[in-house]
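Trainee: I would like to learn how to read a sheet from its bridges. Where do we begin?

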Amino acid sequence: MKIYHGSLEIVEHPEIRKPNRTLDYGEGFYTTTDYKQAKDWVMRHKRKHNLGYVNIYEVDMQEIRRQNTLWFDTPTEEWIDFVDSNRNKTWFTHNYDFVYGPVANDRVYAAFALYESGILNKEELLRELKVYNLVDQLLFHTDAALKFLEYKGTDVIELQNI
């Protein structure tokens, strides 16, 4: 299956890098099966950069599922707890090689912020998320996990003309 990573650089050899902010699934290399999602990430940087890249990889998702993988098909209470822990508990870490599940895009971030501030409870947040058309993300959390990626190429996204 093809998966994508939106970036400001060509990434033939992905690495696990320390993020400068908290992320949904912790540190690692984030990908998605949705090309538009990867391209949209690149588009966020069009004011500061002229070029962006959608890096393309192939991976055997059935093999990923057989590994040390935490898998969320849809938002659940467990998914909420996991994302909340990664975002808000500086001591939190996990031992999964892969984490797959919904991506918290801008609309989801807004709803999740209402949950974090106590305005929504878990049930209300889950009800809210069910009306969204969510895309996915697949985190490669360890160097061992990165070995499952096969680089296939990169699409250049010209940002100055958009």
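Mentor: Begin with pairing: two strands pair if DSSP finds at least two bridges between them. Keep in mind that this is a predicted model. Now a case: T31 has L138 in β6 as its bridge partner.

Trainee: In which sense do β2 and β6 pair, and over how many bridges?

Mentor: The sense is antiparallel, and there are three bridges. β6 covers residues 136-140. Besides the T31 bridge to L138, Y30 stands opposite L139 in β6.

Trainee: Which strand do five bridges join to β6?

Mentor: That is β5, residues 98-102, and the two run antiparallel. Across this pair, G101 stands opposite Q137.

Trainee: What is the order of the strands in the sheet?

Mentor: Read it as β2-β6-β5-β4. The sheet is open, has four strands, and its pairing is mixed.

Trainee: Why is one side of β2 and of β4 left without a neighbour in the sheet?

Mentor: β2 (29-31) and β4 (69-71) stand at the edges. Each has a single partner strand, so one side stays without a neighbour in the sheet.

Trainee: Which residues point which way from β6?

Mentor: D136, L138 and F140 point one way. Q137 and L139 point the other way. All of them are buried.

How values were computed: Residues are numbered from 1 along each chain as its sequence is written. This is a predicted model: local features need pLDDT of at least 70, side-chain atom pairs count only at pLDDT 80 or more; totals for chains, interfaces and linings use all residues. Side-chain values use heavy atoms; hydrogens and water are left out. Buried means under 20% relative accessible area, exposed over 50%, partly exposed in between (1.4 Å probe, protein chains only).
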